[in-house]
Amino acid sequence: DHGGLFGAIEFYDTCKAHGIHPIIGFEAYISSGSRTEKSVETNTKSNHLILLAKNDCGFRNLMRLSSIGYTEGFYYKPRIDMEILSQYSEGLIAATACIAGAVPEAFIKGDDKKARQIAEEYLKIFGEGNLYFELQNHGIDEEEIAFKGMIELGKEMGIPFIVTNDAHYLNKEDAKAHEILLCMQTQDTLANPDHYRFSTDEIYFKSPDEMCALFPELPEAIKNTFEIAKRCEVNVHHKPQLPVP
């Protein structure tokens, strides 16, 4: 989920019912300024950041961050900021997300100094071993700029890598159906040459072999996804928790 945990319980229960180890998290919107600033001129910009719960404490902090994003930071989207992230970072693993993440975006804009600064801030918040540089390659030019910079900086700073892939549909051949759904969502038609579409057909659920082929020079990045899975152990309790009077 983006910005919240609305599907987390159903996801957790479904995974458990089928013998699959669930990893609970969400893709947060990180405000470029304070979460309380709500003007078009100063703060409509936000960046993505993946947050995963390592343990029950992390899950509680995910719930807090999700709630604060809506109750304090909502402006077009449920936003949090670095201040509140610092307060509720215990038990969390963070990954730098897609090209909408702050670190890859800085590299794309040619601001290597800012990319390093943001990485240092995240590292300070989450602690060593809890921040991962997320590498993606869907054949998009901006991604190539981002991951080249991130690989160099990650090796220099000792920040580990993971390889991920956006998955908006199950199979590669579903790309056309997805494009049609986007037209329906935006009330447009395929006949319009300017209709909204994704620039790649690589955003499907890839096999392990396909994932390994994306960054063959970084085999440890694939292994790190398994390490994260081992570290994430959350027990979701369904007992109702009523508010304290």
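The model is predicted, with local features needing pLDDT of at least 70 and side-chain atom pairs counting only at pLDDT 80 or more, while totals for chains, interfaces and linings use all residues. Residues are numbered from 1 along each chain as its sequence is written, and side-chain values use heavy atoms, leaving out hydrogens and water.

**Start with the cartoon.** You will find 10 helices and six strands, taken as DSSP runs (helices H or I, at least four residues; strands E, at least two) and numbered from the N terminus. The radius of gyration is 19 Å, close to the 18 Å that the globule rule gives for 245 residues, so the protein is as compact as a globular protein of that length. That radius is taken over C-alpha atoms, and the rule is 2.2 Å times the number of residues to the power 0.38.

**Now show the C-alpha trace.** Along its principal axes it spans about 60 × 50 × 45 Å.

**Next, colour by burial.** Buried residues (under 20% relative accessible area, 1.4 Å probe, protein chains only) make up 45% of the 245 residues.

**Then select Leu 51, Leu 85, Val 103, Tyr 122 and Phe 126.** Of the 49 residues in the largest nonpolar core, these touch the most other members. Such a core is a set of buried Ala, Val, Leu, Ile, Met, Phe, Trp, Tyr and Cys residues joined through side-chain atoms within 4.5 Å. Apart from this core lies another, of nine residues, including Ile 50, Leu 52, Ala 95 and Ala 97.

**Finish on Leu 85.** Leaving aside neighbours within four places in sequence, its contacts (heavy atoms within 4.5 Å) include Ile 30, Leu 49, Leu 65, Ile 80 and Ile 125.

Notes
Buried < 20%, exposed > 50% of the residue type's maximum accessible area, 1.4 Å probe, protein only.
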